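Work through the exercises below with the sequence and the model at hand. Each task is followed by a solution in steps.

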Amino acid sequence: MCSDGQGRHSSLSRRLIAVHYKKLSEQQAESSGRVEVLEFFWYGCPHCYHFEPHIKTGMKSKPEAAYFIHVPAALNPSWVVHARAYYAAEQLGVLDKFHDALFVALHEQRRRLNSVDSLSRFAAS
């Protein structure tokens with residue numbers, strides 16, 4: 001979006017915002033006073049991979065009222081297999097081990113883990 005650096009948007013940006021976004025009148029907060037932080041990510045995204053260590057560091061020093069939730073994005077059909085793998089690992093209680101290992105396999109080892117079969121073999125190893 002085009003901005004003047006002080007949060008004011010150009011006419012075109014305001015029209016795009018009006019068409020594609022709904023502006024909330026105020027911050028949506030839980031009644032408990034807790035703050036929810038959502039991170040939408042894709043295992044194949046190099047930016048998400050490089051950001052992960054910063055998230056882990058931030059989790060160690062976050063305020064007590066804040067809690068963090070990873071949300072695997074499935075913005076196109078090829079991303080769905082990774083999102084399903086995330087939720088399967090979560091249900092099996094192995095997400096802590098699986099999450100980092102899948103990022104490493106994809107980005108450092110350059111493994112092609114883009115199908116149910118390849119992810120199943122990876123998870124079993």
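Two residues are in contact when they have heavy atoms within 4.5 Å. By that rule, among contacts in the protein between residues at least 6 apart in sequence, 58% join residues at least 24 apart.

The model is predicted: local features need pLDDT of at least 70, side-chain atom pairs count only at pLDDT 80 or more, and totals for chains, interfaces and linings use all residues. Residues are numbered from 1 along each chain as its sequence is written, and side-chain values use heavy atoms, with hydrogens and water left out.

**Exercise 1. Outline**

Task: State how many helices and strands the protein has, and in what order the elements run.

Solution. Step 1: helices (H or I, at least four residues) and strands (E, at least two) are DSSP runs, numbered from the N terminus. Step 2: on this basis there are five helices and two strands. Step 3: read from the N terminus, the order is α-β-α-β-α-α-α. Step 4: buried means under 20% relative accessible area, exposed over 50%, and partly exposed in between, with a 1.4 Å probe and protein chains only. Of the 125 residues, 27% count as buried.

**Exercise 2. H3 against H4**

Task: Find how the axes of helix H3 and helix H4 are oriented, and which residues meet.

Solution. Step 1: axes are lines fitted to C-alpha atoms, for helices over the stretch in contact, and angles run from 0 to 180 degrees between N-to-C directions. Step 2: H3 covers residues 77-92 and H4 residues 95-107; their axes come within 8 Å and cross at roughly 150°. Step 3: H3 is therefore roughly antiparallel to H4. The classes are roughly parallel under 35 degrees, roughly antiparallel over 145, roughly perpendicular from 65 to 115, and oblique for the rest. Step 4: the crossing is right-handed. A crossing is left-handed if the near helix is turned anticlockwise from the far one by less than a right angle, and right-handed if clockwise. Step 5: from H3, His82, Ala85, Tyr86, Ala89 and Glu90 meet Leu95, Phe98, His99, Leu102 and Leu106 of H4. These residues divide into seven nonpolar, two polar and one charged. Here Ala, Val, Leu, Ile, Met, Phe, Trp, Tyr, Cys and Pro count as nonpolar, Asp, Glu, Lys and Arg as charged, and the others, Gly among them, as polar.

**Exercise 3. H2 against H4**

Task: Describe the packing of helix H2 and H4.

Solution. Step 1: H2 (residues 46-60) packs with H4 at an angle of about 140°, the axes being 10 Å apart. Step 2: this crossing is left-handed. Step 3: Pro46, Cys48, Tyr49, Glu52 and Lys56 in H2 meet His99, Asp100, Phe103, Val104 and His107 in H4. The contact divides into five nonpolar, two polar and three charged residues.

**Exercise 4. H4 against H5**

Task: Classify the angle between H4 and H5, then list the contact residues.

Solution. Step 1: the axes come within 11 Å and cross at roughly 120°. Step 2: H4 and H5 are therefore oblique to each other. Step 3: their crossing is right-handed. Step 4: Phe98, Ala101, Leu102 and Ala105 of H4 make the contact with Leu119, Phe122 and Ala123 of H5. The division is seven nonpolar, no polar and no charged.

**Exercise 5. Histidine 99**

Task: Is histidine 99 buried or exposed, and what does its side chain contact?

Solution. Step 1: histidine 99 lies in helix H4. Step 2: its relative accessible area is 5%, so histidine 99 is buried. Step 3: its side chain makes a polar contact with the side chain of tyrosine 43 at 2.7 Å. A polar contact is a pair of N or O atoms within 3.5 Å; within protein, one must be able to donate a hydrogen and the other to accept it, and residues adjacent in sequence count only if both atoms are side-chain atoms. Step 4: apart from neighbours within four places in sequence, histidine 99 is in contact with Phe41, Tyr43, Glu52, His70 and Tyr86.

**Exercise 6. Arginine 110 and serine 118**

Task: Locate arginine 110 and serine 118, and state whether each is buried or exposed.

Solution. Step 1: arginine 110 is in the loop between H4 and helix H5 (116-124). Step 2: with 67% relative accessibility, arginine 110 counts as exposed. Arginine 110 has a positive phi of about 55° although it is not a glycine. Step 3: serine 118 is in helix H5 and, at 8% relative accessibility, counts as buried. Step 4: a polar atom of the serine 118 side chain lies 3.3 Å from the backbone nitrogen of asparagine 114.
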